[in-house]
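Reader: I have a new model on my screen. Please show me how to read it.

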Amino acid sequence: MKRCKVIALIICSIVVVICTAMIIRINIQFPKAEDKSYTIDNPADIDGVIVKPLSYQICTIDEYSQISSEYSKVKDEKKDKCRIVVLTISIENTTEEVADYTPSFIFVSEELNAFNGAIPIGSGSRHCTLLPHETKEMKLRAYIGASQLEQNNLDKLDSSTITLVYSFYPYRRKLVFSR
């Protein structure tokens, strides 16, 4: 009986050592992502397209319906339980070729840990074609509802740091908006 306990203890010890070694190995190979922030004064360069965060606006459904009819069929009882964040970015092609740009961002409210995808408003297409050295303004929208943020925190969105994240690893690259 004592011999079985010793064998079980040795096997458990070996498993613990192997698991610990695996965890350490993974943490060494894949360290924590490093933050890289871009602002209007320090824009991001994404494959020859300069992206500047210009401004943002937090809207109720009724306010957003003046910009787009996208959420016009939302029921009245749900209108107070969500917000639409309208983000304006500037995109500029710095290459000598036509650039096909498709924005791929995740909206993040840093302090509240609320996030959702951000997609272009209107036009029906997410794709944007830029001629050489052409600059365009693009409006994106992010829906923030009950599944992203508790209703009592919706009013705190305005005081939170608003970002658009476009890369998570090895660098967490984000556009930081100022009011």
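This is a predicted model: local features need pLDDT of at least 70, side-chain atom pairs count only at pLDDT 80 or more; totals for chains, interfaces and linings use all residues.

Author: Start with the terms. Helices (H or I, at least four residues) and strands (E, at least two) are DSSP runs, numbered from the N terminus. Here the protein chain has 3 helices and 11 strands. Along the sequence they run α-β-β-β-α-α-β-β-β-β-β-β-β-β.

Reader: Is the protein chain compact or spread out?

Author: The radius of gyration is taken over C-alpha atoms, and the globule rule is 2.2 Å times the number of residues to the power 0.38. For 179 residues that rule gives 16 Å; the protein chain has 23 Å, well over it, so it is more spread out than a compact globule. Its C-alpha atoms fill a box of roughly 80 × 50 × 30 Å along the principal axes.

Reader: Which residues have the most contacts inside the largest nonpolar core?

Author: A nonpolar core is a set of buried Ala, Val, Leu, Ile, Met, Phe, Trp, Tyr and Cys residues joined through side-chain atoms within 4.5 Å. Buried means under 20% relative accessible area, exposed over 50%, partly exposed in between (1.4 Å probe, protein chains only). The largest core has 30 residues, and Ile-89, Phe-107 and Leu-164 have the most contacts inside it. A second, separate core of 7 residues includes Tyr-64 and Ile-121.

Reader: How much of the protein chain is buried?

Author: Of its 179 residues, 34% count as buried.

How values were computed. Residues are numbered from 1 along each chain as its sequence is written. Side-chain values use heavy atoms; hydrogens and water are left out.
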